[in-house]
Every structure is written in C-alpha cells, then in structure tokens.
Amino acid sequence: MSQRIVTLISEEDIAARVKELGRQITEEYRGRNLVLVCVLKGSFVFTSDLARAIDLPMRIEFLGVRSYGEGTTTSGVVQITQDLSRPIEGEDILIVEDIIDTGLTIAHLLDLFRTRRPNSIKVCALLHKPSRTRIQVPIDYLGFTIKDAFVVGYGLDWAEKYRNLPSISLVESD
Ligand code: IMP
C-alpha cells in the first residue's frame, strides 16, 4: 500500500491567515498581560509563527497533553504531561491549538485553566472540523474550517510523522 500526500491548505495560504490572526490579536490585546499557551506537540509550528505575527509584549508557555484514544480519534481523557511553568492568575490567557476536532481536549483545558483564576481566557485554533463536534466550545480566533478528514503537516502528525510538512495535507492510501 503506498501513501500520497495531497496539499489541502498551502504554505502561502497558512502564512497569510496567520498574519491576519496576529494583527487581530495585536489590536485586541493591546495594554493587557498576554500569555500564549502552546499545546504540545501539534501547536508548536503554529505558535511560533503566530507569536511572531503579534506585535505586543507577551509570555509564551508550553503545555504537554496526551489524549488517550484509538487510532485517529480521542477519548476525551486528557493527561497533562507537562504543566505551565508559572501561575496564570490575573493574566490574559490565549490557548493556541492546532486543531479542534471533537472539542473534548479544549473543553478539558478550559475547565482546568479557569480554576487558576486568569483575568481572561480565549482560544485560538488553526483548524476546526465542525462535523465532528461532540462538545461546543467558543473558538475566539480561527484559521480555517475543514471537512471531516485526517490532516497532517504544519505541526500535525500521523503516528508522529509528517509534523515538518510546511502545508496542511491529507494522507491518501492506494
Ligand atoms: P479533540 O479533543 O477531538 O478536539 O482533538 C484534539 C487533538 O486531536 C488535536 O489537538 C490533535 O492533536 C488531534 N487531532 C484531531 N484531529 C486531527 C487530525 O486531523 N490530524 C492530526 N491530529 C488531529
């Protein structure tokens, strides 16, 4: 069985959209205590581009999560493998996610962070698959809405492969 990588969203289209999101976040967070929370591993590429598109002082934190699931679906049981390095009380938290699929992971993270009493908490996701939603969460900043397909690249993996592809792509087997 051979696999083909088919581009769904090009490097250029991602770059243009990330710049727009950065401009919007810059306007809305001026004068506030912005903390970007990069959800590892999938968001590492998106966070590094988004951070450089935001023209404000900020902190960047990394959160390690592992969600147990079978194959390409999540169970919603989220384990924190690496916590934030500092308290977030009184700060303006922007969680940066690669993709919101069922919504279970981000719902869990919102519940967790709310207990730490930040001043505000919002979500920025590069991708959303609305057809797979199991729990509705507000997505304050969104890159692209996509169909129900498993995607890789720009940080996203399939069994730890393809994270370094510069575009968002589909893996097709034949
Ligand atoms: P959710 O809890 O179902 O919303 O899933 C969130 C996590 O599942 C994401 O942060 C990704 O790590 C992973 N995931 C969901 N869909 C995809 C996909 O199409 N490609 C790669 N990873 C995915």
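For burial I used relative accessible area with a 1.4 Å probe and protein chains only: buried is under 20%, exposed over 50%, partly exposed in between.

Helices (H or I, at least four residues) and strands (E, at least two) are DSSP runs, numbered from the N terminus.

The model is predicted: local features need pLDDT of at least 70 and side-chain atom pairs count only at pLDDT 80 or more, while totals for chains, interfaces and linings use all residues. Residues are numbered from 1 along each chain as its sequence is written, and side-chain values use heavy atoms, with hydrogens and water left out.

**Leu50**

I listed the contacts of Leu50, leaving out residues up to four places away in sequence: Val18, Leu21, Gly22, Ile25, Val96 and Cys124. Contact here means heavy atoms within 4.5 Å.

**Sheet**

I traced an open sheet of three strands in the order β1-β9-β8, with antiparallel pairing. Its edge strands are β1 and β8, each pairing on one side only. Two strands pair if DSSP finds at least two bridges between them. Between β1 (residues 3–9) and β9 I found six bridges; between β8 (residues 151–152) and β9 there are two.

Which residue of β9 is the bridge partner of Thr7? I found Ser169 there. Val152 also stands opposite Ser169. Val6 stands opposite Leu170 in β9.

**Second largest pocket**

I looked up the second largest pocket, with a volume of about 170 Å³. On a 1 Å grid over the protein atoms alone, a pocket is an open set of points where a 1.4 Å probe fits, with protein on both sides within 12 Å along at least five of seven lines; lining residues have an atom within 4 Å of a point. Grid points are joined across faces, edges and corners, and the volume is the space filled by probe spheres set on the points.

The lining consists of Glu11, Ile14, Ala15, Val18, Lys19, Asp49, Arg52, Ala53, Tyr154 and Pro166. Two or more of these residues come from each of α1 (11–28) and α2 (44–53), and α1 gives the most, with five. By class I have six nonpolar, no polar and four charged. Ala, Val, Leu, Ile, Met, Phe, Trp, Tyr, Cys and Pro count as nonpolar, Asp, Glu, Lys and Arg as charged, and the others, Gly among them, as polar.

Lys129 lies in the loop between β6 (120–128) and β7 (141–145). I have Lys129 as buried, at 5% relative accessible area. Beyond four places in sequence, Lys129 touches Ile99, Ile100, Asp101, Ile146, Lys147, Asp148, Ala149 and Phe150.

I placed Glu91 in the loop between β4 (77–82) and β5 (92–100). Is Glu91 buried or exposed? Glu91 counts as buried because its relative accessibility is 17%. Glu91 and Ser120 are 29 residues apart in sequence and 6.7 Å apart in space, C-alpha to C-alpha.
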